[in-house]
Amino acid sequence: MRSGPSGLEDMKLRACRRISYLLPQAKRSSNEVLLIGEDMPDPINILVVDDEQIMRDGSSRILSKDGWEVLTADNGQQGLEIIRNQPDQIDVILLDLMMPGMSGMEVLDHIRSIDPNLLVIVITGYATVESAVEAMKKGAYDFIPKPFTPDQLRIVVRRALDKRNLQKEAEFLRREREKSLRDIATEKSKIKTIINCMGDGVLVCDRDGYIVLTNPAAGRMLKVSETSLIGNFLSQCNLDPELSMTIEESLKSKDLNYTSVSQELGIGESGETFLRAHTAPVRSDLGETMGSVTVLQDISHLKELDKMKSEFIAMVAHELRAPIAAVEQQLNVILNRVAGDLTEKQEKLLVRAKERTKGLLNLIKDLLDLSKIEAGRMVQYKEPLTLQEIIQKVVDLMRVEAENKKIDLQFPIPSQNPLIHADRTSMEGIFTNLISNAIKYTPEGGKVWVSLSEERGFAKALVSDTGIGIKKDDLPRIFDKFYRVRTIETRQIVGTGLGLSIVKSIVDAHLGSISVESEEGGGTTFTVLLPKESNPTS
Ligand code: ADP
């Protein structure tokens, strides 16, 4: 396959070919002939309409010699018939004005009505210069007075052919331009149709935050009319504030690492529709932000499914808790020798069974906490409190566990004890999880310490240990539900992978933040920031 030129180049090349067609064969370069050979052009036809045979034959001979195809007619009627039968074949007409029957002028009138672009050179006698002028007024292109020399004929014909050449070239370019415009229009409407038919919502903004493209799905999902979106500035469209903020941030961000942001949005007064919005900046080759594209997906059904699953888990966990707690109680009774003596082997087996039962109860507790968080029932009773009393209570409860592992657990009296507005039980949950993890993941003889301070409007609590640490790769995932780091050191440690995700949910519900710093084998520090009570009552 020939790799052809494209676009403008192709147009130019084709225009060149047209020009070549209009040159007599003898004048073409070998290159041009080769080019034309791929797509043989129509020969150039010149029609001579003259009643004098000597004129017809003479003109025909001169012009054919130059490589042009010459047709002849000995009267006007015949000439017009040829033109009508093959209007596209005739390029130039040599027309004698003085003919018997239909006069040259009449023929000229008819030619103009057939095709006003046909080039007519009128052949006039000495005495008919006025007629030549009249013929020119009627639209003839040129005239040649009789008698003429072969060169005079060639000059006048070439001039006409040059003009014809330009006419054809202009026509060709006009058609190409029209075709390109048609192609662009088709392409545009194709894209518009595709975007309009998409199930996902699309919102495209320019660099100033004006919405330049959207589709019916976006309007439906965002609960605004499509027409109120297009052509308006983001802030005028009554969009979800979180979404507007994300789009504006993506437009403002100069950081080339800022690629895209995914967020979940609750739309509608009671948040009955859930959307996942994926916003990405659009950048030029030079890295300049040109706009942003947001794709919206309705995930309400997934949320509903998730809720049903959570409710099912909560129900199962709830139903399991009572019988397993009863089993643990019975095991305690037997281990306390209330039901009689035990051999050493029996005791060992029962202690193991009790540990496994305790693990199960912890899992059930975590699952119930998680369902409560997901149902928005975990953080319900916020009150002014200080973290010192909470942490102290948890540290006291954990002390036995720490001593069993010969771990030095410390909570020095803090110099600052900021007041926060929080749910007491949830706060206990946070520090129970963090301190018990610190003890669990620190080998015997290690150290765990907790500190409390105040920092820029936040209460800041640190839980540090000298334990096994967390690999860099695992750090981003430890707050995910059910995520547990699998190493030789953690294999023997019982856990559900739910603790930190519960902690994070509680911190989020209090508008705080949690972060972790860790080094494999070098200990871990969790930092919890919780906003201080804005109007302290004490
Ligand atoms: P788990 O029930 O497994 O402890 P968590 O959600 O509480 O679940 O913790 C998730 C994972 O994070 C744990 O499996 C553990 O690998 C890692 N991790 C948590 N706290 C620490 C810590 N103090 N030191 C080392 N690893 C930790």
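A polar contact is a pair of N or O atoms within 3.5 Å. The exercises below apply this and related terms to a predicted model.

**Exercise 1. Helix α14**

Task: Describe the span of α14, its N-terminal cap and its burial.

Solution. 
1. Helix α14 covers residues 424–440, which is 17 residues. From first to last C-alpha it reaches 24 Å, close to the 24 Å expected at 1.5 Å a residue.
2. The N-terminal end is capped by Asp 423, with a side-chain oxygen 3.4 Å from the backbone nitrogen of Thr 425.
3. Because 12 of its 17 residues are buried, α14 is largely enclosed by the rest of the structure.
4. Among the buried residues of α14 are Met 427, Phe 431, Ile 435, Ser 436 and Asn 437.

**Exercise 2. Ser 436**

Task: Decide whether Ser 436 is buried or exposed, and list what it touches beyond four places in sequence.

Solution. 
1. Ser 436 belongs to helix α14.
2. Its relative accessibility is 15%, so Ser 436 counts as buried; the cut-off is under 20%.
3. Leaving out residues up to four places away in sequence, Ser 436 touches Met 398 and Phe 431.

**Exercise 3. The nonpolar cores**

Task: Identify the residues with the most contacts inside the largest nonpolar core, then trace the surroundings of Met 427.

Solution. 
1. The largest nonpolar core has 51 residues, and Met 427, Phe 431 and Ile 435 have the most contacts inside it.
2. Domain 3 (303–374) and domain 4 (383–531) each supply at least three residues to this core.
3. With residues up to four places away in sequence not counted, Met 427 touches Leu 385, Leu 387, Ile 390, Ile 420, Ala 422, Ile 506, His 510 and Leu 530.
4. Another core, of 21 residues, lies apart from the largest one and includes Leu 47, Leu 108, Val 120 and Ala 140.

Terms used:
Residues numbered from 1 in each chain as written. Predicted model: local features only at pLDDT ≥ 70, side-chain atom pairs only at ≥ 80, totals over all residues. Heavy atoms only, no water. Helix = DSSP H or I, 4+ residues; strand = E, 2+ residues; numbered from the N terminus. Expected span 1.5 Å × (residues − 1). Buried < 20%, exposed > 50% of the residue type's maximum accessible area, 1.4 Å probe, protein only. Polar contact = N/O pair within 3.5 Å; in protein donor to acceptor, adjacent residues only side chain to side chain. Core = buried A, V, L, I, M, F, W, Y, C linked by side-chain atoms within 4.5 Å. Domains from an automatic or database assignment. Contact = heavy atoms within 4.5 Å.
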